[in-house]
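Hi there,

Here is the structure I promised to pass on. Have a look at it first, and then read my notes below.

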Amino acid sequence: MQDSTIATNIRRKEIIRLAANQALELPILPSGYWFHQDLRDNFYYAIHLFAYCVDKEFECNWKDEQCEKAKGIALTMINNVLALQDVNPDDPMYGHWPLNLRDNPQEAKPNLLPVELMGCLLILFYNKYQNELSPTVKNNCYQAITHIYESNVYRHPLKNMHHHEAKHTSLKLLLGDFFNNDELLQQGLQLAQKQLNHIRTFGFKEYGAHPWFWHWVQSLTCVWETVENTDVKRTMSDLLDYLWRLRADYYLEGTWVGPHSRQLRHDSPKDRNTLLDYIQFGDFSVPKEIVRLEGTALFTYEVSDDIVQSAIHRSQHVEVKRKIQFAYADDIVTEEAHTYVFITPDYAVGGIWERIREFDNEQKRWDITLPFTQSESANQAFFFHPGEKYLPGDDRHASSFGEVMFHMDTVIQIWNVPTGDKEAFPAIIGCLPKGEWKFEKDSGYGKVGDTFITFQLINEFNWEEQKDRISISSPLASNWNGVIMEIVSSKEAVDLGIIDLESFSMAMKEKNHSCFTSEGSIEKMTASYVTCRNESVQFSLDHKGNVNRLLNGHILSLDDYPII
């Protein structure tokens, strides 16, 4: 454990050094801020810059003059951020900060979001470094925390059981401890225990929702780092253990495999939000970019070794099957979902069987994921039918149409878009990692890294090579389209007589001919496919939405999906 702690701390130092150097390179705008789009980023970079300068643990390698200058920049930026807090007790937004500063920060309106995580990190930062702060900044930090405490920022009951409420609970615990308010501390403890029991009972419904999963982790870690109460410490340890085990289940070398209830652009089609993974798991090269800094390098919490080992040593293939029940704080289940991921040392395939209407229509149903690399190329391969909020070039926001089938290395999706939907997008869109590709009329074959990937479509397609991906567009025909994708590692391909792209494409064509068949005037579409593991997968969808899934001639069941 001592060796792993040393290694984890070395990686923390690498990340805070990266953040501090980037902070010094950022141009300070005439307003005095680095960023206007998101106020929080100013605070996050400033606290990392300050910590790097004053915390001997981080072994700052700058000269004294540069270090003092950097510390001054950090203190000024922290002050600038704190100055935008609404400090009027009579204002409904008392205690809050603005999010987007627009053209004039002084006129920016307060927003509900910044205080949630930034408030937790402010208390953590103050507890760690109050003795190194200048008297003015120290006082301003204390006053900002006091305004949060006296406001209604965190005074919300549990209702949705999501990341916002996890942060409100963390604030209750942090503020109750900070101001010696045992009643508030106990209230926060009871809510934290209820949240823990809820996710243990029903599963984690914000599946794959980074960065919001990381907001759970970071806000609770702030409490773990700060509050010494034994019961609170134990509950935080249990929550963090649950969350990091969940993270490990869907981890592959810096990537988050499987379905996502929500995704931002920096999560797809390439996993780029990798800092916390790097610090705790460290089985991929140190990141060179920061897409979300937040409190990353300030935490001393270390994930248990058994969780780390389960994540980074995947010598065997594994199927991860989970059932999630969607319930609010009243514990009444409103719907269920089932997630499936097949993970190997070289890739992962999987997704969610059910279409769930998520916030901002950000659900990503499935993908093939390759390990993280420093390459600009996407590391995810997938197809989807665009829906609400879709914008060309942003491969997110799928429509509600389409049904899926998953089995090990293979995924199938068939879309039937209703005739009467005049606003429906007229094509499906595909995203492929860069590599050596061979395209034919309705199929493609690729050699990407240490894998071979194939796809078959119902209809013909066009493709365009972009900076970070290959984009596919395949039109609907009579309102139908579909895709079959399969991946095989180069090592396993050798056993099949496959040594290069040409032999791969030939082998795939010999194994499967005319994978899609239709009945009547396309009232039903069936995909029949034999995988590289010589298993028979058959999947059909009719125009009424009825689905039939057969695996080796047997009806595929989801009965063996546990809640964990």
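Predicted model: local features only at pLDDT ≥ 70, side-chain atom pairs only at ≥ 80, totals over all residues.

A quick definition to begin with: Lys and Arg count as positive and Asp and Glu as negative, while His and the chain ends are not counted. The place of a charge is taken as NZ of Lys, CZ of Arg, CG of Asp or CD of Glu. On that basis the protein chain has 54 positive and 79 negative side chains, and the centres of the two sets are 1 Å apart.

Residues are numbered from 1 along each chain as its sequence is written, and side-chain values use heavy atoms, with hydrogens and water left out.

**The whole chain**

What does the secondary structure come to? There are 13 helices and 23 strands (DSSP runs numbered from the N terminus: H or I and at least four residues for helices, E and at least two for strands). A compact globule of 564 residues would have a radius of gyration near 24 Å, and the protein chain agrees with that at 25 Å (taken over C-alpha atoms; the rule is 2.2 Å times the number of residues to the power 0.38). Along the principal axes, the C-alpha atoms fill a box of roughly 75 × 50 × 50 Å.

Of the 564 residues, 58% count as buried (under 20% relative accessible area; exposed is over 50% and partly exposed is in between, with a 1.4 Å probe and protein chains only). If you look at contacts (heavy atoms within 4.5 Å) with a separation of 6 or more, residues 24 or more positions apart account for 66% of them.

**A covered strand**

Now find β18, residues 480-489: 10 of its 10 residues are buried. Both faces are covered, with Trp480, Gly482, Ile484, Glu486 and Val488 on one side and Asn481, Val483, Met485, Ile487 and Ser489 on the other.

Which strands pair with β18? One is β11 (residues 410-416), antiparallel over 7 bridges (pairing takes at least two DSSP bridges between two strands). Here Ile414 stands opposite Gly482. Another is β15 (residues 451-457), also antiparallel over 7 bridges, and there Leu457 stands opposite Val483.

Thr410 is in β11, and it counts as buried because its relative accessibility is 2%. Leaving out residues up to four places away in sequence, Thr410 touches Val349, Met405, Ile484, Met485, Glu486, Tyr529 and Thr531.

Most residues other than glycine have a negative phi, and most peptide bonds are trans. So where are the exceptions to look at?

- His210 and Pro211 are joined by a cis peptide bond with omega of about 15°; Pro211 lies in the loop between α7 (182-202) and α8 (212-226).
- Ser268 to Pro269 is also cis, with omega near 10°; Pro269 lies in the loop between β4 (255-256) and α10 (275-280).
- Lys389 is not a glycine, yet its phi is positive, about 75°. You will find Lys389 in the loop between β9 (380-384) and β10 (403-407), and at 46% relative accessibility it counts as partly exposed.
- Asn552 has a positive phi too, near 50°. Asn552 is in the loop between β22 (547-551) and β23 (554-555), and its relative accessible area of 38% makes it partly exposed.

Cheers
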